[in-house]
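Hi everyone, thanks for coming. I'd like to walk you through one model today, so please have a look at it first.

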Amino acid sequence: MSKLFAKPLGALLKLVFDLVSKIGTEPEYISFYGIAIIITTIIFKLILLPIGLKQNKSMSKMQKIQPEIKELQDKYKDDPQTLQAKTMKIYKENNVNPFSGCLILIIQLPILLGFFKVLRDPIIYVFKDPQMYEALNKVFLWIPNLEKPDPYIWGLPLLAGLTTFLQSHLMSSQAAPNDQAASTQKTMNIILPLMIWWSARAFPAGLALHWTISNIFQIVQQVITNRSLGKIKEESN
């Protein structure tokens, strides 16, 4: 499935690279290849923006009905069948799909994996010509070659981990799940960024760059969404 998305995403990256490389003299510390990865990542996030906004809307609805769900859980804690029936009734009345977040993730995952495949095998999916790719300038700030891992663990791997933590924190602060789910979310908010940091140490730096830019885009989107939802709540009160 990831190969299906890798081909068009690779073509998009090549198109962006060709356009960027025509703007003039290449910057000394940021190669056209690095710039193309950043721009393509932003385009990629813009394409997925409607899905992200739908996910935020779904989470907002879930947050709104959490007090009712919590009340049911306390009232029918010894009657799981009644609890399930009444919970589903609340979901139906409020037009909430509790599995929408998972469905949206399933939609995004193969596309995301496709992009990762593009950046791990750029000769196959982007440039086609090995000699052309080998001749490219792949420098990005302190990183001499985006094809290889960042030589410093405090560089892009750390940024990838930190931005993952910020994104996870913002996402979890929007929802108000039950105590067990909240505890699980807090644990994941710590484990996932550490996993990303550790993995990014071995990945090509281009992947870490893509992940970091993608997270920054998501963080900005989430901050704007949270502020908008906060204003709506104030006006409703």
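Let me start with a term: buried means under 20% relative accessible area, exposed means over 50%, and partly exposed is in between, with a 1.4 Å probe and protein chains only. Please keep in mind that this is a predicted model, where local features need pLDDT of at least 70 and side-chain atom pairs count only at pLDDT 80 or more, while totals for chains, interfaces and linings use all residues. Residues are numbered from 1 along each chain as its sequence is written, and side-chain values use heavy atoms, leaving out hydrogens and water.

With that cut-off, Trp154 is exposed, because its relative accessible area is 53%. Rings of Phe, Tyr and Trp (the six-membered ring for Trp) pair if their centres lie within 6.5 Å; planes under 30 degrees apart are stacked, over 60 edge-to-face, and the rest tilted. A search of the whole structure finds nine aromatic pairs. One of them, Phe116 with Trp211, is edge-to-face, with 5.9 Å centre to centre and 85 degrees between the planes. Phe116 sits in helix α5 (residues 100-120) and Trp211 in helix α10 (residues 205-236), so the pair links distant parts of the chain, 95 residues apart. Helices here are DSSP runs of H or I with at least four residues, strands are E runs of at least two, and both are numbered from the N terminus. Phe116 counts as buried, at 17% relative accessibility. Trp142 and Trp154, by contrast, form a tilted pair, at 6.0 Å centre to centre and 40 degrees between the planes. Both lie in the loop between α7 (130-135) and α8 (156-174), so this pair ties together parts twelve residues apart in sequence.

Now to the interior. A nonpolar core is a set of buried Ala, Val, Leu, Ile, Met, Phe, Trp, Tyr and Cys residues joined through side-chain atoms within 4.5 Å. Which residues touch the most other members of the largest core? Among its 32 residues, they are Leu13, Tyr33 and Leu146. Two or more residues each come from α1 (2-20), α2, α5, α6 (122-127) and α10, and α1 gives the largest share, six residues.

Contact means heavy atoms within 4.5 Å, and, not counting residues up to four places away in sequence, Tyr33 touches Leu13, Phe17, Leu119, Pro122, Phe127, Tyr133, Asn137, Lys138 and Leu146. Tyr33 also forms one aromatic cluster with Phe17, Phe127 and Tyr133. Tyr33 is among the buried residues of α2, along with Phe32, Ile37 and Phe44.

Finally, helix α4 (residues 80-93). Its 14 residues reach 20 Å from first C-alpha to last, close to the 20 Å expected at 1.5 Å a residue, where the expected span is 1.5 Å times one less than the number of residues. Leu83, Thr87, Ile90 and Tyr91 are its buried residues. They are on the same side of α4, because they cover an arc of only 100 degrees around the axis, taken from the directions from the helix axis to the C-beta atoms. What covers them includes α3 (49-75). On the other side, Gln81, Lys89, Lys92 and Glu93 are exposed. After α4 comes Asn95, with a positive phi near 55 degrees. Thanks, and I'm happy to take questions!
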